[in-house]
Amino acid sequence: MDLEAVRTFVTAADAGQFQEAAVRLSITQQAVSKRIAALERDLEVRLFTRTARGARLTVDGQAFLPHARELLRVADRADASVRPGRRALRVDVVNRRIAPAVLLQEFYRSHPMSSLDVVTLAADVDAAVAGLVAGTIDATFHAVPDAEWDGIDSVRVLDEPHELLVGPHHPFAERASVSPRDLAGHRIRMPGLSTATEWGAYYEELAEVFALTIDAGGPIFGNEALLAEIAAAADVATLVGAGSWYMWPDAYDLRRIPIEDPTPVYPMSLLWRRTNTHPTLARLRTFAADGYRAPASDVWLPRWIRRPAATPARSRPR
């Protein structure tokens, strides 16, 4: 069924005259007549009766009118769901408690009229890039290896420092800071850490360089269970991002200890498809890039990460 003919039918029904419908649609009266005639042939019914005063709906026309309106509403919604600027920008933040989600929330506070669809693919960078290419998502945050993907652009937007999360009985509980070398020989729990991802590769190299013991084994019971384990034990800790959100009961008395000399930072880039013209994407790219601060000299980064150009940062609007 020709949707333009359906739209012409609804306009003519509302106007009561083919001539007035032509004016509203910015077409000729002859074009209106041809569209209505074609629609009547498709439906095999008469929709209008011509009168001296214009056009009156037949019984069949009256029956078809509410369905025609619904057809146009559905078509408009379908168009809006995929047209850049009319649908929400779909952004993968990987996990809703980590720094990219915080950055995206800051962006929304600064641009409250932006329509966002926040998703968590929990996929590695290659799978996320496949989502960009397929159009499943508009943007994603990941550590970017020194590699290129056809049609994909990226900009470094975050270098998140690590902290050591310990309970009140841990040997480092009263420390103001620790160094990565201090952590050698201490058990660091990270259940479910997969070496097949870029974050797995990051922690594998971190452990190798500083002789860390990262325990990724055992079943994954979730963050709540891990925090309870850390609170109760004197020999268990984990690594968390300084900008990531974690909540626990006051009774746990957990402490976030900065890691320094050097500070391991997790580098995150914003990635998008080069041909994506969504206007909110352009604003997000500018906002995220303007807030980036290149890493200082006393940080640790893995060998495989793409190095950004050292540019001065401007503060993100709050």
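How many bridges join E1 to strand E2? There are 4, and the two strands run antiparallel, with E2 covering residues 54-57. This is a predicted model, and its protein chain averages a pLDDT of 90, with 94% of the residues scoring at least 70.

**Confidence**

- Helix H4 (residues 59-82) has the lowest confidence in the protein chain, at a mean of 87, while strand E10 (residues 255-258) has the highest, at 97.
- Do take care with residues 310-318, where the pLDDT is below 50. Beyond near neighbours in sequence, that stretch has 20 contacts in the model.

- E1 and E2 make a hairpin, and 2 residues lie between them.
- Thr49 has Arg56 in E2 as its bridge partner.
- Phe18 and Phe48 form an edge-to-face aromatic pair, 5.3 Å centre to centre and with 85° between the planes.
- Phe18 belongs to helix H2 (residues 18-25) and Phe48 to strand E1 (residues 48-51), so their pair ties together parts that are 30 residues apart in sequence.

- The structure holds 8 aromatic pairs.
- Tyr202 and Tyr203 form an edge-to-face pair, at 5.0 Å centre to centre and 85° between the planes.
- Tyr202 is buried at 0% relative accessibility, and Tyr203 is buried with a relative accessible area of 11%.

**Nonpolar cores**

- The largest nonpolar core has 43 residues, and the members touching the most others are Leu164, Leu183 and Leu239.
- Several elements each supply at least two residues of this core, including strand E6 (152-166), helix H7 (198-210), strand E9 (236-241), strand E11 (263-273) and helix H9 (279-290).
- Not counting residues up to four places away in sequence, Leu239 touches a set of residues that includes Leu164, Leu183, Ile188, Met190, Tyr203, Leu206 and Ile259. His162 and Glu163 are also among the residues that Leu239 touches.
- Another core, of 19 residues, lies apart from the largest one; among its members are Phe9, Ala21, Ile36 and Phe48.

**Loops and backbone details**

- Asp261 and Pro262 are joined by a cis peptide bond, with omega about -5°. Pro262 is in the loop between E10 and E11.
- Ser26 is not a glycine, yet has a positive phi of about 60°. Ser26 lies in the loop between H2 and helix H3 (29-43) and is exposed, at 66% relative accessibility.
- Glu44 likewise has a positive phi, near 60°, in a residue other than glycine. Glu44 sits in the loop between H3 and E1, where its relative accessible area of 70% makes it exposed.
- Ser194 lies in the loop between strand E7 (187-189) and H7, and counts as partly exposed at 30% relative accessibility.
- The C-alpha atoms of Ser194 and Ala15 are separated by 64 Å, and the two residues are 179 residues apart along the chain.

Methods: Residues numbered from 1 in each chain as written. Predicted model: local features only at pLDDT ≥ 70, side-chain atom pairs only at ≥ 80, totals over all residues. Heavy atoms only, no water. pLDDT = per-residue confidence, 0-100. Contact = heavy atoms within 4.5 Å. Phe/Tyr/Trp six-rings, centres within 6.5 Å; stacked < 30°, edge-to-face > 60°. Buried < 20%, exposed > 50% of the residue type's maximum accessible area, 1.4 Å probe, protein only. Pairing = 2+ DSSP bridges. Core = buried A, V, L, I, M, F, W, Y, C linked by side-chain atoms within 4.5 Å.
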